[in-house]
Amino acid sequence: MYLAKVKKNGQTTYILRESVRQGEQIVARDIFDIGPCPGAWIDYPGGNAWYLNPDLESRISSLAGTFDSDQFEDLFRPFMRPAIRRATQTFRQRAFKQYTPMTRAQKETIARQVHAFDKRRAHFLKFGNMDQGPMVNMPAVIFRQLHNKSRDEIEQGFMDQERVLKRKDLKSYIYTALDLHRFFKGFMAKQMPHALDQDKVEAFFIQELCLLNKELFGLTSRLHEYLIRYAVMFFDHTYGDSVLLDDMVKDFQFRQRSRGFKPPAATRQLALSQAFKIFNLTAKSLETMDKKDLARKFRRLARQHHPDRGGSHDRFVELNNAYQALLEKIS
């Protein structure tokens with residue numbers, strides 16, 4: 001049983017649903033329209049006490065296929081008065097169920113039945129890693145909560161979890177979830193997607209999103225609302241800062257020290273005039289560019305100066321610093 005947040009007649013409302021098996025498929029079934037304010041069903045008799053409307057609980061227990069009162073109450077906890085929610089948090093564990101290890105058969109079933117798109121999303125939300133490694137090595141326990149649920153319940157769950165993502169992580173999250181790095185070669189595909197040809201990245205994004213739209217929702221003429229949010233995340237945001245270059249600098253300094261050299265003296269922040277010179281730009285020409293134009297120029301220079309292609313390590317780091325300095329000047 002879960003609360004689905006949906007748009008109905010242009011208004012956000014909540015519908016109580018449950019996932020039920022229908023033949024070989026698991027589908028969502030509506031139980032009750034909770035309305036636009038789930039908190040309206042919570043009564044506060046005094047102090048930190050609270051309880052759900054008895055009539056609602058009685059009605060849901062008769063309509064639902066399975067009913068767990070503790071689970072039902074937990075669905076409404078996010079809509080409680082904040083002070084009471086914090087005060088009663090300690091007692092939330094009263095219905096705690098002891099963890100039971102998964103059998104080998106259960107792990108194999110989950111590995112086989114949980115969609116790769118769901119696995120990559122769950123992995124990123126748990127660890128924040130773009131480089132997730134081979135899918136076969138991901139432990140099944142991470143995806144335990146995705147098993148035996150309808151597609152609607154899975155998507156509602158991800159919508160709730162994605163609220164913790166910061167704006168700078170949204171595009172990297174979608175890039176990883178759609179496994180777009182597999183269309184490119186080299187270490188930058190997993191570590192520095194902003195250095196790739198963004199026209200190609202966008203083309204592959206649209207391709208993969210359309211394939212998911214057909215595979216998960218059976219749609220070809222329009223994009224399902226659950227996937228529209230990913231199109232917005234991808235096109236309306238930029239990649240977050242990569243720590244890869246910082247790691248490269250640290251590795252370079254470590255290798256130099258191990259050879260008996262002194263660490264390089266601290267350098268001042270790259271001057272804007274120097275950044276213009278590195279990119280062969282002027283302040284006037286930068287005014288006519290957007291972030292996408294600057295990224296294209298950065299990619300061309302990055303391929304030219306990358307250490308793996310015979311370029312200078314220091315020059316490559318300087319190039320990235322210049323890119324960041326110019327990027328801040330573009331509104």
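Helices, of at least four residues, and strands, of at least two, are taken here as DSSP runs numbered from the N terminus. On this basis the protein chain of the predicted model contains 15 helices and 5 strands. The chain has 331 residues, of which 40% are buried. Among contacts between residues at least 6 apart in sequence, 61% join residues that are at least 24 apart.

The largest nonpolar core comprises 62 residues, and the members that touch the most others are Tyr173, Tyr175, Tyr230 and Phe279. Residues of this core come from both domain 2 (104-236) and domain 3 (267-328), so the core lies between the two domains. A separate core has 18 residues, including Phe32, Ile34, Leu52 and Phe72.

On the H9 side, the contact is made by Val201, Glu202, Phe205, Ile206, Leu209, Leu212, Asn213 and Phe217. H10 contributes Tyr226, Leu227, Tyr230, Ala231, Phe234 and Phe235. By class, the residues of this contact are 12 nonpolar, 1 polar and 1 charged. When residues up to four places away in sequence are not counted, Tyr230 touches Phe205 and Leu209, and also Phe117, Arg121, Glu155, Phe158, Glu162, Tyr173 and Ile174.

Phe279 is located in the loop between helix H12 (272-278) and helix H13 (283-287). Its relative accessible area is 1%, and Phe279 is therefore buried. Beyond residues up to four places away in sequence, Phe279 touches Leu294, Lys297, Phe298, Leu301, Leu319, Ala322, Tyr323 and Leu326. Phe279 and Leu301 are 22 residues apart in sequence, with a C-alpha to C-alpha distance of 8.1 Å.

Leu301 also takes part in the contact between helices H14 and H15. Helix H14 (residues 291-305) and helix H15 (residues 313-327) pack at an angle of about 175°, and their axes are 10 Å apart. H14 and H15 are therefore roughly antiparallel to each other. The residues of H14 in this contact are Lys291, Leu294, Ala295, Phe298, Leu301, Ala302 and His305. Those of H15 are Arg315, Phe316, Leu319, Asn320, Tyr323, Leu326 and Leu327. The contact of H14 with H15 divides into 10 nonpolar, 2 polar and 2 charged residues.

Glu153 is situated in helix H6 (residues 151-161). With a relative accessibility of 12%, Glu153 counts as buried, the cut-off being under 20%. Apart from neighbours within four places in sequence, Glu153 is in contact with Tyr2 and Ser19.

Backbone geometry was also examined. Most residues other than glycine have a negative phi. Asn9, which is not a glycine, has a positive phi of about 55°. Asn9 is in the loop between strand E1 (2-8) and strand E2 (11-22), and at 81% relative accessibility Asn9 counts as exposed. Asp179 likewise has a positive phi, near 55°. Asp179 is placed in the loop between helix H7 (167-177) and helix H8 (188-191). The relative accessible area of Asp179 is 16%, and Asp179 is therefore buried.

Conventions: Residues are numbered from 1 along each chain as its sequence is written. This is a predicted model: local features need pLDDT of at least 70, side-chain atom pairs count only at pLDDT 80 or more; totals for chains, interfaces and linings use all residues. Side-chain values use heavy atoms; hydrogens and water are left out. Axes are lines fitted to C-alpha atoms, for helices over the stretch in contact, and angles run from 0 to 180 degrees between N-to-C directions. Angles under 35 degrees count as roughly parallel, over 145 as roughly antiparallel, 65 to 115 as roughly perpendicular and the rest as oblique. Contact means heavy atoms within 4.5 Å. Ala, Val, Leu, Ile, Met, Phe, Trp, Tyr, Cys and Pro count as nonpolar, Asp, Glu, Lys and Arg as charged, and the others, Gly among them, as polar. A nonpolar core is a set of buried Ala, Val, Leu, Ile, Met, Phe, Trp, Tyr and Cys residues joined through side-chain atoms within 4.5 Å. Buried means under 20% relative accessible area, exposed over 50%, partly exposed in between (1.4 Å probe, protein chains only). Domain bounds come from an automatic or database domain assignment.
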